[in-house]
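I opened this model to look up its fold, its surface and its charges. My entries are below.

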Amino acid sequence: MKMTELKGVETKELVEKLETEVAKYNQMKLNHAITPLENPSQIKAARRDIARMKTELRQRELNK
């Protein structure tokens, strides 16, 4: 998810989306530890998406 897409999302929706992404990321890590994923770069992409969401939330918090 790009930063421009995140800017158009409401804060409440962004928080919910962040929670689901973190849950998916943790599940992906667990599954990868048991049976390697076909595309392990998905883990890296998920981690970066989570970081983008947290960054956008923090920017909104500071701009209030």
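The notes go from the overall fold to single residues.

I am working with a predicted model, where local features need pLDDT of at least 70, side-chain atom pairs count only at pLDDT 80 or more, and totals for chains, interfaces and linings use all residues. Numbering runs from 1 along each chain as its sequence is written, and side-chain values use heavy atoms, leaving out hydrogens and water.

**Fold.** I find three helices and zero strands. Helices (H or I, at least four residues) and strands (E, at least two) are DSSP runs, numbered from the N terminus. The C-alpha trace spans about 45 × 15 × 15 Å along its principal axes. I looked up contacts (heavy atoms within 4.5 Å). Of those with a separation of 6 or more, 70% join residues 24 or more positions apart.

**Burial.** Of the 64 residues, 23% are buried. Buried means under 20% relative accessible area, exposed over 50%, partly exposed in between (1.4 Å probe, protein chains only).

**Val15.** I place Val15 in helix H2. Val15 counts as partly exposed because its relative accessible area is 33%. Val15 and Asn39 are 24 residues apart in sequence and 27 Å apart in space, C-alpha to C-alpha.

**Positive patch.** Which residues gather in a patch of positive charge on the surface? I list Lys29, Lys44, Arg47 and Arg48. Patch members have over 30% relative accessible area and no salt bridge, and like charges are joined within 9 Å. A salt bridge is a side-chain nitrogen of Lys or Arg within 4 Å of a carboxyl oxygen of Asp or Glu. Helix H3 (residues 41-62) gives the largest share, three residues. Lys29 sits in helix H2 (residues 11-34). Lys29 is partly exposed, since its relative accessible area is 41%.

Methods:
Patches are made of residues with over 30% relative accessible area and no salt bridge: like charges are joined within 9 Å, nonpolar side chains (Val, Leu, Ile, Met, Phe, Trp, Tyr) within 5 Å. Accessible areas come from the Shrake-Rupley method with a 1.4 Å probe; for residues, only the protein chains shown count as cover. Lys and Arg count as positive and Asp and Glu as negative; His and the chain ends are not counted. The place of a charge is taken as NZ of Lys, CZ of Arg, CG of Asp or CD of Glu.
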